[in-house]
Amino acid sequence: MLTKRGENGRHQMEIIALDDLVPADHLVRKIEESINFDFIYDLVEDYYCLDN
């Protein structure tokens, strides 16, 4: 039954940084270093709602 394990495990918190999970030589990291994607913000700024 579920009640035999106790409730201690339910109240634990773990914080994980995504940067720690992705290897340093991963393709996505190489692309991020090579290409500046900041131009996308200018292309999509009309689609953002400023009234949030």
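Predicted model: local features only at pLDDT ≥ 70, side-chain atom pairs only at ≥ 80, totals over all residues.
Helices α2 and α3 each supply at least two residues of a nonpolar surface patch.

**The nonpolar patch**

Leu 27, Ile 31, Ile 35, Phe 37, Phe 39, Ile 40 and Leu 43 form the patch. Together they have about 650 Å² of accessible area. Helix α3 gives the most, with three residues. Phe 37 sits elsewhere: its place is in the loop between α2 and α3.

Asp 38 is in the loop between α2 (27-34) and α3 (39-44).

How exposed are Phe 37 and Asp 38? The table gives the values.

| Residue | Relative accessibility | Class |
|---|---|---|
| Phe 37 | 40% | partly exposed |
| Asp 38 | 48% | partly exposed |

Phe 37 counts as partly exposed because its relative accessibility is 40%, and partly exposed covers the range between under 20% (buried) and over 50% (exposed). Asp 38, at 48%, therefore counts as partly exposed.

**The whole chain**

What is the pattern along the sequence? The chain reads α-α-α. It has three helices and zero strands. The chain holds 52 residues, and buried residues make up 2% of them.

How values were computed:
Residues numbered from 1 in each chain as written. Heavy atoms only, no water. Helix = DSSP H or I, 4+ residues; strand = E, 2+ residues; numbered from the N terminus. Buried < 20%, exposed > 50% of the residue type's maximum accessible area, 1.4 Å probe, protein only. Patch = residues over 30% accessible without salt bridge, like charges linked within 9 Å, V, L, I, M, F, W, Y side chains within 5 Å. Areas by Shrake-Rupley, 256 points an atom, 1.4 Å probe, with all protein chains shown as cover. Salt bridge = Lys/Arg side-chain N within 4 Å of Asp/Glu carboxyl O.
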